[in-house]
Amino acid sequence: MKILLVFDFDNTIIDDNSDTWIVQCAPEKKLPIELRDSYEKGFWTEFMGRVFKYLGDEGVREDEMKRAVTSMPFTLGMVELLNFIRKNKDKFDCIIISDSNSVFIDWVLEATSFRDVFDKVFTNPAAFDSNGHLTVENYHAHSCNRCPKNLCKNVVLVEFVDKQLQKGVNYTRIVYIGDGGNDVCPVTFLKKNDVAMPRKGYTLQKTLSRMSHNLEPMESSVIVWSSGVEIISHLQFLIKE
């Protein structure tokens, strides 16, 4: 009987947003105004496709992008948390659901040797094409009107849990660790045994706090964190239960 840990990536595992961080590779470390202004709400992945094409056209190479991405700092206490999970892998399954991309997440997990902690990573698939440009695709299509069109994290989570159930793996509870607006959807579907862990001061925490003021129903408990070390304390409490 395991606990399922679900992690967001940007501003949760790492203490920044990998998509905006990569802009430091651009000439003068900024994007042209017309490219910046081309973003449409809900179409971030398409926007990043244009950013990666621009970087490629400007001669930014894979190794340069990799150096930038792997220099991103981890969030406070996150290294300790991931080491704690590794020591207790018999009690936890661990997945990432992220609106970043597979190349960036692979680079970070490899560079920090945390690949083994995660059983699965769900994110927008990315690859370098024959011109050396990074290309990124939408993770899936879905019909949820609360989420960006390329990724509904709730759909991903529900599908994963169902697949695991078919394999005979039944989780005692889900602990969801995230920060962003696109973490609201999966968190509101958590059940009464589950735990939502929003990062303090970020969009997810502010949204959940507003929802509780408006008395909007939420079944799971909510525990706010600033450091991965606080998450360790709560996980220790849950395994003792």
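Between which strand and which helix does the loop that holds aspartate 179 lie? In this predicted model, aspartate 179 sits in the loop that links strand 6 (173–178) to helix 8 (184–188). Aspartate 179 is buried, at 6% relative accessibility. Beyond its neighbours within four places in sequence, aspartate 179 contacts Asp8, Asp10, Asn11, Thr12, Arg199, Tyr202, Thr203 and Leu204. Its side chain makes a polar contact of 2.9 Å with that of threonine 12.

Aspartate 8 lies in another part of the sequence, in the loop between strand 1 (3–7) and helix 1 (18–21). Aspartate 8 is also buried, with a relative accessibility of 5%. Residues up to four places away in sequence aside, its contacts include Ile97, Ser98, Lys153, Asp179 and Asp183. A polar contact of 3.3 Å connects the side chains of aspartate 8 and threonine 12.

The unreviewed UniProt entry annotates Asp8, Asp10 and Asp179 as "binding site". These residues span 172 residues in sequence, but no two of their C-alpha atoms are more than 8.3 Å apart, so they gather at one spot. Asp8, Asp10 and Asp179 belong to the lining of the largest pocket.

The model contains zero disulfides. Cysteine 144 is partly exposed, at 21% relative accessibility. For cysteine 185, the closest cysteine sulfur is in cysteine 147, at 3.8 Å. Cysteine 185 is buried, with a relative accessible area of 3%.

Notes
Residues are numbered from 1 along each chain as its sequence is written. This is a predicted model: local features need pLDDT of at least 70, side-chain atom pairs count only at pLDDT 80 or more; totals for chains, interfaces and linings use all residues. Side-chain values use heavy atoms; hydrogens and water are left out. A disulfide is a pair of cysteine sulfur atoms within 2.5 Å. Buried means under 20% relative accessible area, exposed over 50%, partly exposed in between (1.4 Å probe, protein chains only). UniProt positions are given in the numbering used here, feature names are shortened, and annotations may be inferred rather than shown by experiment. On a 1 Å grid over the protein atoms alone, a cavity is a set of points where a 1.4 Å probe fits but cannot get out, and a pocket is an open set with protein on both sides within 12 Å along at least five of seven lines; lining residues have an atom within 4 Å of a point. Helices (H or I, at least four residues) and strands (E, at least two) are DSSP runs, numbered from the N terminus. Contact means heavy atoms within 4.5 Å. A polar contact is a pair of N or O atoms within 3.5 Å; within protein, one must be able to donate a hydrogen and the other to accept it, and residues adjacent in sequence count only if both atoms are side-chain atoms.
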